[in-house]
Number of protein chains: 2
Amino acid sequence: MKKYVIGVDLGGTKITTAISSLTGDIIEKTTLATGSALGEEVVLGRLMDSISMVLEASQIKEEEVRGIGIGSPGPLDSKRGVIITTPNLPFRNFDIVTPIRNRFGIPVFLDNDANVAALGEYTFGAGKGAQNIVYMTVSTGVGGGAVLNGRPYRGNTSNALEIGHMTIEPSSRHRCNCGNYGDVEALSSGTAIAKRAREAVEAGLETSLAGLDSITSYEVYQAYLEGDKVAIEILDTAFDYLGIAVANLILAFDPEIIVIGGGVSKIGKLFFDRIKESASRRCFSFMVESTKILPSELGQDTGVVGAIALGLIESENK
Amino acid sequence: MKKYVIGVDLGGTKITTAISSLTGDIIEKTTLATGSALGEEVVLGRLMDSISMVLEASQIKEEEVRGIGIGSPGPLDSKRGVIITTPNLPFRNFDIVTPIRNRFGIPVFLDNDANVAALGEYTFGAGKGAQNIVYMTVSTGVGGGAVLNGRPYRGNTSNALEIGHMTIEPSSRHRCNCGNYGDVEALSSGTAIAKRAREAVEAGLETSLAGLDSITSYEVYQAYLEGDKVAIEILDTAFDYLGIAVANLILAFDPEIIVIGGGVSKIGKLFFDRIKESASRRCFSFMVESTKILPSELGQDTGVVGAIALGLIESENK
């Protein structure tokens, strides 16, 4: 009887791997440095080591494990198990699934960070029990994932829910790293908030942010709380745009729940209140009212718990 | 052996009903006046008459029919089989499914126009063979439907793919019937195109449209073809916005195919070329390139063929 699942959160700086029961209770967890600069084979080796470590520490045999889920930054091809390219990992068109499956004899599943987070919230977090959830992360970038009709939704090229690059202000002067102007990420990511603040300082506007060595969305929020007018303007604008993005997601997906995670969402009540206000102005009220907009419940553990959910859900269908 | 399906296209002016084989070949078809002004029971009676008529004409027995699909304007609740309200039909919170099922002893399924069109294109039209398709109609309004992971996608309240009300120009002065400003419908529906043209005429701009008694998107297109600068500006702007909407749909759903139907799409090559150009500027090129953007193949028959597809797909899962 296969009673366990392994989840691997593969990040640019560290690999976190855990083994859990089928209900998601973590039995052993380990974290290793990724060693990205050392190349594909070293990182793959460390990833496999981390799997061996949780198996040994828990005294669970390979035959007892139903699946291994791996969450990784993308773009990647989850159907083929290939990491296509990613700025912080050495892999280039690298089939990461086959060598791990061959080594351990366990089915292995790969998906991108945001999809894995969506699966984690759906299985163990704020989206539990729902049939249709959209997950959105607002951090340095803005991304997302979804579970629709009770199944992971990835789309044709594994790139569905690229929320950050949806255009919501076409004539905006704010450019995104993707080359587009006025998309959600360019207007309301943590990076965008910090950038607006630095621009305000450079333009000589009167703000308490002027004296700081470095500005992130956290400092802008602190200044907001102290009543700094520039900070208030910047955050209100960013949250207005996030509300438009949320309204558009409600109109597109009509989900039961939108779960929002990522660093900027840690602002909490103010963040969620403003987003709901803005979304209500931009969507049928019965649709906004029928959609719960909730903070991520998994927080720091999203990556590894989501990877466990991936391993669990996908191995169920094998 | 149940070898037939019935589809009903319930419209504000007429009811079209057809009986087909399981491969969608229409055996008999009939069209009746809806008689909306005569009230709920009369319209329901005519709808049932139309079903009896195609059964009789084809000499097919109730027991040989696997399912009846009904496409209707919304909002409606497809789970409960209830038409909630619609401007051109008398039904108000009316369970249309139960009386028809009781009368004929055949499973009955209800869905809105746009979802039914999506199912029709997926089963018999431009979306055949794909797993993930988005259907978009650009007519007096802008609406849509989707088939995702090979299943109809309706969302939590049966209102997914409300494409027309997604905001893409928040500071626009153009107001939608829904109350929002700068949504897709306010900027690029047939109604919006005609309205922009009338505003240009009223403002005294030099345009061949000035002499006309009535202006629809069709007249604007004719003037466009004759090189009328005002018409060119209006259509280019509308198609630019439609391209942004299409880019946002690609980023959200990553579909294999986006099928576009509705009156305005009949403009043809110019319409599709402009939309693709605009979408390419607003989306990762690999995602635009991996998505086919195709005209509706069902055209005039979308409603009834889509209803047949609904009856077929939903009865398969019973």
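**Exercise 1.** In what order do the three strands of the open sheet in chain B stand, and is the pairing parallel or antiparallel?

*Solution.* The model is a predicted one. Step 1: in chain B the strand order is β5-β6-β7, and the pairing is antiparallel. Step 2: β5 (76-77) and β7 (94-95) of chain B each have a single partner strand and stand at the edges, so one side of each is left without a neighbour in the sheet. Step 3: two bridges link β5(B) to strand β6 (residues 82-83) of chain B, in the antiparallel sense. Within β6(B), B:I83 is the residue opposite B:L76.

**Exercise 2.** Describe how β2(A) and β3(A) are connected and paired.

*Solution.* Step 1: strand β2 (residues 14-21) and strand β3 (residues 26-33) of chain A run antiparallel and are joined by seven bridges. Step 3: the two strands form a hairpin with four residues between them. In the turn, A:G24 has a positive phi of about 90°.

**Exercise 3.** Work out which symmetry relates chain A to chain B, and through which surface the copies meet.

*Solution.* Step 1: chain A is superposed on chain B by a rotation of 180° with 0.0 Å of shift along its axis, at an RMSD of 0.0 Å. Step 2: the two copies are therefore related as by a two-fold rotation axis. Step 3: of the residues of chain A, A:I168 comes closest to that axis, its C-alpha lying at 2.3 Å. Step 4: 100% of the interface residues of chain A are also interface residues in chain B, so the copies meet through the same surface.

Note on methods:
Residues numbered from 1 in each chain as written. Chains lettered and ligands numbered in written order. Predicted model: local features only at pLDDT ≥ 70, side-chain atom pairs only at ≥ 80, totals over all residues. Heavy atoms only, no water. Pairing = 2+ DSSP bridges. Least-squares fit on C-alpha atoms with pLDDT ≥ 70 in both. Contact = heavy atoms within 4.5 Å.
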